[in-house]
Amino acid sequence: MSFFRGLSNLSKLRSRIGQQSCSNTSARWIQMQSSSNLDLRSELQEIIPEQQERLKKIKKEYGNVQLGNINVDMVLGGMRGMTGLLWEPSLLDPEEGIRFRGLSIPECQKLLPASSPGGEPLPEGLLWLLLTGKVPSKEQVDSLSKELRTRASVPDHVYKTIDALPVTAHPMTQFCTGVMALQVQSEFQKAYEKGIHKSKFWEPAYEDCLSLIAQVPVVAAYVYRRMYKNGQKIEPHDSLDYGANFAHMLGFDSPQMLELMRLYVTIHSDHEGGNVSAHTGHLVGSALSDPYLSFAAALNGLAGPLHGLANQEVLLWIKSVVDECGENISTEQLKDYVWKTLNSGKVVPGFGHGVLRKTDPRYTCQREFALKHLPNDPLFQLVSKLYEVVPPVLTELGKVKNPWPNVDAHSGVLLNYYGLTEARYYTVLFGVSRSLGICSQLIWDRALGLPLERPKSVTMEWLEKACKKGA
Ligand code: NMX
Ligand code: MLT
């Protein structure tokens, strides 16, 4: 019976993306079959044993296969290009950008269930995909939405802990403090203290991750209302989906803002495993620190200006351009402003990337959203002008490997347009979204029994000796 349902889902999926390139392999089609399980945990329970076997086989049969050479530049250059991590939910191609379990952003927009036909993907659907590798049905997504709502209640001490901080503390500091305060409810920590067998680690990790994903929007919205809306908290809605509920708790209820938030959370959810926040979450989790501790650590990485905080920096920088030169700035003036930024030893926020070598597809899909909903917004037009001006200037600098815009170059102007104007808050939105990807991998880390992460470090003296010997 479920086999036939699988086949019929498969043919529906095929017809839904019938226009797309036929580079899809049969493996991709298999990956996209959904099952009839309405419960995500039961779905995972079914998949885990076969994935454990798969990993065992890779280790046994290919353990000695070389994946590349490590050179001195890599050791001194932030480990760029070193393949060193297993990360299941997504994979980043330098030219194409991110694929979530094999699906590009436009494919996710077509295939994942939306709140209304043709709408933006529901982040719960993406979470299902990240965790299981399967495109969920609308019923599965609705069931997951409901489960997240039932897990969303935040203990009172969390608010009190945040309230102990000055209201002027950076929103990421307040958010991260709230996540640390949530940690006292960790099922993983309790189970470990009681002596749980390692084959069962993934079960309390799953409970923690689902609760964490459910609760971070509530904590994040509390921080926003505390800082910018006189502490007037808005309770979660009892029937809205994840993205819409988050926008609602922040105080935004227009249908377009709800759609933007669904898209925002979806595209910011994951970016393979090597970025600072994902890698940090995975590293800390590898010590069997529970998912709250691991995710809080990840957030501290996201709070850096070369990573997630860049979304704040972009809007502040764009506003400084407008303050100094006005909204109708000429191309020449804009070019001068970019050079002024560079000559004062700063980076142009929102441009460049550690892996991507083309325009970030997360930028492109936000641009499409803007073209559809706010084509005449002056700040959107300025962002479009920057797309013409910045890449040639960065290329002229001669050292920038990727002069194209990344995800952060666009997000701020969309939020600003709908009234979420407080740029210092933007990285918190990124953080809420990132819980989906990091938690998905944390569950798989425990299910696959991945080991403590511990790379080798060396001193300059060691390097000099090794290089002389090599030469
Ligand atoms: N503006 C000015 N200089 C830049 C930029 C930029 N946007 N991007 C790279 N460079 C410089 C970089 O600082 C380095 O200079 P130096 O050798 O003097 O240290 C040189 O170009 C080579 O860097 P790359 O190898 O191209 O980039 P890398 O992989 O080291 O860094 C970023 C990647 C993303 C940190 C870098 O492009 C950057 O600082 N961009 C601006 C900040 C930003 O938008 N971050 C958000 C990234 C996305 N996210 O959300 O995390
Ligand atoms: C991310 O989304 O994590 C950023 O684009 C940074 C990265 O991938 O290195």
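This is a tour of a predicted model, going from a ligand site to the salt bridges and then to a surface patch.

**Stop 1: ligand 2**

Select ligand 2 and display the residues around it: His271, Asn275, His307, His353, Arg362, Phe430 and Arg434. Sorted by class, this shell holds one nonpolar, four polar and two charged residues.

Now look at the oxygen atoms of the ligand. One of them is 2.7 Å from a side-chain N or O atom of His353. For Arg362, the distance from a side-chain N or O atom to an oxygen atom of ligand 2 is also given as 2.7 Å. Asn275 has a polar side-chain atom 3.5 Å from a ligand oxygen. How much of the 260 Å² that ligand 2 exposes when taken alone does the protein bury? The protein buries 84% of that area.

**Stop 2: Glu207 and Arg41**

Next, select Glu207 and Arg41. Their side chains form a salt bridge, with the closest N and O atoms 2.4 Å apart. The pair links distant parts of the chain: Glu207 belongs to helix α11 (residues 202–228) and Arg41 to helix α3, 166 residues apart. Glu207 has a relative accessible area of 22%, so it counts as partly exposed. Arg41 is at 21% and is therefore partly exposed.

**Stop 3: Lys138 and Asp142**

Move to helix α7 (residues 138–150), where Lys138 and Asp142 lie four residues apart, about one turn of the helix. A salt bridge joins their side chains, at 2.9 Å from N to O. Lys138 is partly exposed because its relative accessibility is 31%. Asp142, with a relative accessible area of 36%, is partly exposed.

**Stop 4: Arg262 and Asp241**

Select Arg262 and Asp241. Are these two residues buried or exposed? Both are buried. They form a salt bridge whose closest N and O atoms are 2.7 Å apart. Arg262 sits in helix α13 (residues 255–268) and Asp241 in the loop between α11 and α12 (242–250), so the bridge ties together parts 21 residues apart in sequence.

To see shared partners, select Arg41, Glu147, Arg151, Glu203 and Glu207, which salt bridges join into one network. In the whole structure, a search finds 20 salt bridges.

**Stop 5: a surface patch**

Finally, select Ile58, Tyr62, Val65 and Leu67. These residues form a nonpolar patch on the surface, and together they have about 440 Å² of accessible area. Ile58 is part of helix α3 (residues 40–62). Its relative accessibility is 44%, so Ile58 counts as partly exposed.

Definitions and conventions:
Residues numbered from 1 in each chain as written. Chains lettered and ligands numbered in written order. Predicted model: local features only at pLDDT ≥ 70, side-chain atom pairs only at ≥ 80, totals over all residues. Heavy atoms only, no water. Near = heavy atom within 4 Å. Polar contact = N/O pair within 3.5 Å; in protein donor to acceptor, adjacent residues only side chain to side chain. Areas by Shrake-Rupley, 256 points an atom, 1.4 Å probe, with all protein chains shown as cover. Nonpolar A, V, L, I, M, F, W, Y, C, P; charged D, E, K, R; others polar. Patch = residues over 30% accessible without salt bridge, like charges linked within 9 Å, V, L, I, M, F, W, Y side chains within 5 Å. Salt bridge = Lys/Arg side-chain N within 4 Å of Asp/Glu carboxyl O. Helix = DSSP H or I, 4+ residues; strand = E, 2+ residues; numbered from the N terminus. Buried < 20%, exposed > 50% of the residue type's maximum accessible area, 1.4 Å probe, protein only.
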